Amino acid sequence: MKCPICKTEVPLDSEFLPFCRERCKLIDLGNWASEKYIISTPMDPFEHYESEDE
Ligand SMILES: [Zn+2]
């Protein structure tokens, strides 16, 4: 599988799956956090229900 952040091939035994390394994991968390800030101004709450995949 490939790292969603940098598209590097990730070893299946990586402790940071699905990321290749901690750095990419942190970048993803950062993306998430900034998305949350935007969402915290609820304009249409129903629109976000479908994008909840972990
Ligand atoms: Zn990566």
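**A quick tour of the stretch before the helix**

Let's start with Pro18, which sits in the segment before H1. Keep in mind that this is a predicted model. The protein chain has 1 helix and 0 strands, and that helix, H1, covers 22–39. Out of the 54 residues in the protein chain, buried ones make up 6%.

- As a rule, most residues other than glycine have a negative phi, and most peptide bonds are trans.
- The bond joining Leu17 to Pro18 is a cis peptide bond, with omega at about 0 degrees.
- Lys7 isn't a glycine, yet its phi is positive, at about 65 degrees.

**More on Lys7**

- You'll find Lys7 in the segment before H1.
- Is Lys7 buried or exposed? Lys7 counts as exposed because it has 10 C-beta neighbours inside 10 Å, and the cut-off for exposed is 12 or fewer.

- With 19 other C-beta atoms within 10 Å, Val10 is partly exposed; a residue needs 20 or more to be called buried.
- Which residues does Val10 touch, leaving aside its neighbours within four places in sequence? Val10 is in contact with Met1, Lys2 and Cys3, and also with Leu17, Pro18, Phe19 and Cys20.
- That puts both partners of the cis bond, Leu17 and Pro18, on the contact list of Val10.
- Cys20 is 10 residues from Val10 in sequence, while their C-alpha atoms are 4.9 Å apart in space.

**Pro11, next along the chain**

- Pro11 lies in the segment before helix H1 too.
- Why does Pro11 count as exposed? Pro11 has 10 C-beta neighbours inside 10 Å, so it counts as exposed.
- Pro11 and Met1 are 10 residues apart along the chain, and 7.5 Å separates their C-alpha atoms.
- Met1 turns up again among the contacts of Val10.

Definitions and conventions: Residues numbered from 1 in each chain as written. Predicted model: local features only at pLDDT ≥ 70, side-chain atom pairs only at ≥ 80, totals over all residues. Helix = DSSP H or I, 4+ residues; strand = E, 2+ residues; numbered from the N terminus. Contact = placed C-beta atoms within 7 Å.
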